[in-house]
Amino acid sequence: MNGVHDMGGMDGFGKVEPEPNEPVFHAPWEGRVLAMQRAMGYAGAWPIDASRFAQERLAPQAYLGASYYQRWALGMERNLVERGYAETDELASGRALRSGKPLARKLTSDVVSQGMTRGSFYRQAQAPARFKPGDRVRTKNIHPPTHTRLPRYARGRLGVIELVHGCHAFPDTMAIDKGDNPQWLYTVMFEGKELWGPDADPTVKISIDAFEPYLDPA
Amino acid sequence: MAQHEHDEHGSELSETQLRVRALETVLTEKGYIDPAALDLIIEAYETKIGPHTGARVVAKAWHDPAFKRALLDDGSKAVRTLGHESRVGDHLVAIENTPARHNMVVCTLCSCYPWDVLGLPPVWYKSAPYRSRAVKDPRGVLADFGVALPASTEIRVWDSTAETRFLVLPMRPSGTEGWSEDRLTQLVTRDAMIGTGLPKRPDEVT
């Protein structure tokens, strides 16, 4: 979806401001949110792409006004309610008013290290890779109203396949519960000028990781 | 109610604190989560998982040419051979800085970051200024970090738009010939492994 989360190339947000000696968490609740997200992921409540999509669907002013972990919490609340794991009256009252929905498993202390290991996104290929390194491709000019990992600044642009990362679960379908739909994943490199016009810094090159359905041969 | 030994010291709880507390209580009472497991996750990120892991990887690559080749060939596989505390998931790709090319990593769409080797991302990495500008004006972003590279150096920005995670392998600083791997580790900063910084100079460490 064309949301405010898709920030690449926007102007006006100001300087990057590194914080010296930044703590891991700025408040204890941030850690609780992160850990809850991990625990619900381990439980198989929803895929990571659904977490991203829930955040993308926040109202633009809410998205921009929230901190990173606030966005996580808001996205989690949305997934809980939309998927029937909790209802709004429960979240508002801070009490479970109904029994929980069964989940595949539960992250308990004895399995924390497994729960913290990132799962693999590799999937069995359904067809041979269409592209190889060096191939010229053009990204599609698509604007799906749902989740996609093709950023706006790189749509309809000419690039070159640089790396082939194997076949991966496809976020665009994972986010909307339409399955893994495995797709080949490539690093596609663009010249700065192709993305930002003739005044772009000629020494800058940008790459995205693009799933095969985003690409046409060029 | 779930116990919260971690709560803030102040007497007034912010709206966010209350909301997150409510969320945790509901999820606990429903049987979805175990607060004791959450404590362990938080503890791991606070004490075990961080850029020191990535620094070890980089220092080893500087020190051991065979490991460097393995790292550039398959990042996840090479890092797993080190057997550090945090387990490394699939899809880690190491990208090498050279005199001709400087690499910089961003995630414009969310804030994807190589947690396994760098820990949790700093706030600036997740911020709108970085996410918006890194792909369009990387030299300007580097200037925000006080980094100026030669005008002839190619700047290569990697937008982490999938589950691939990128670790920048910075150039080994000159004047470190004969240094041990442990000593080299001190030179490797988090920002150098994101590409918004450079390693420390030998005279900056003991």
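Two strands count as paired if DSSP finds at least two bridges between them. Lys205(A) has Arg156(B) as its bridge partner in β3(B). Helices (H or I, at least four residues) and strands (E, at least two) are DSSP runs, numbered from the N terminus.

A quick word on conventions: this is a predicted model, where local features need pLDDT of at least 70, side-chain atom pairs count only at pLDDT 80 or more, and totals for chains, interfaces and linings use all residues. Residues are numbered from 1 along each chain as its sequence is written, while chains are lettered from A and ligands numbered from 1 in the order in which they are written.

**Where the chains meet**
- The contact draws 70 residues from chain A and 69 residues from chain B, with two residues in contact if their C-beta atoms, placed from the backbone, lie within 7 Å.
- On the chain A side, α1(A) gives the most, with 11 residues.
- The chain A side splits into 35 nonpolar, 18 polar and 17 charged residues; Ala, Val, Leu, Ile, Met, Phe, Trp, Tyr, Cys and Pro count as nonpolar, Asp, Glu, Lys and Arg as charged, and the others, Gly among them, as polar.

**The α1 pair**
- Helix α1 (residues 28-43) of chain A and helix α1 (residues 15-29) of chain B have axes that come within 10 Å and cross at roughly 35°. Axes are lines fitted to C-alpha atoms, for helices over the stretch in contact, with angles running from 0 to 180 degrees between N-to-C directions.
- Trp29(A), Arg32(A), Val33(A) and Met36(A) make the contact from α1(A), and the residues on α1(B) include Val20(B), Leu23(B) and Leu27(B).

**Domains of chain A**
- Chain A has domain 1 (28-116) and domain 2 (136-217), with bounds from an automatic or database domain assignment.
- Their C-alpha centres sit 28 Å apart.
- Six residues of domain 1 of chain A touch four of domain 2 of chain A.

**Chain B overall**
- Chain B has 11 helices and four strands, and its C-alpha trace spans about 60 × 35 × 35 Å along its principal axes.
- Of the 206 residues in chain B, 53% are buried, meaning 20 or more other C-beta atoms, placed from the backbone, lie within 10 Å of the residue's own.

How values were computed:
Buried ≥ 20, exposed ≤ 12 C-beta atoms within 10 Å, placed from the backbone.
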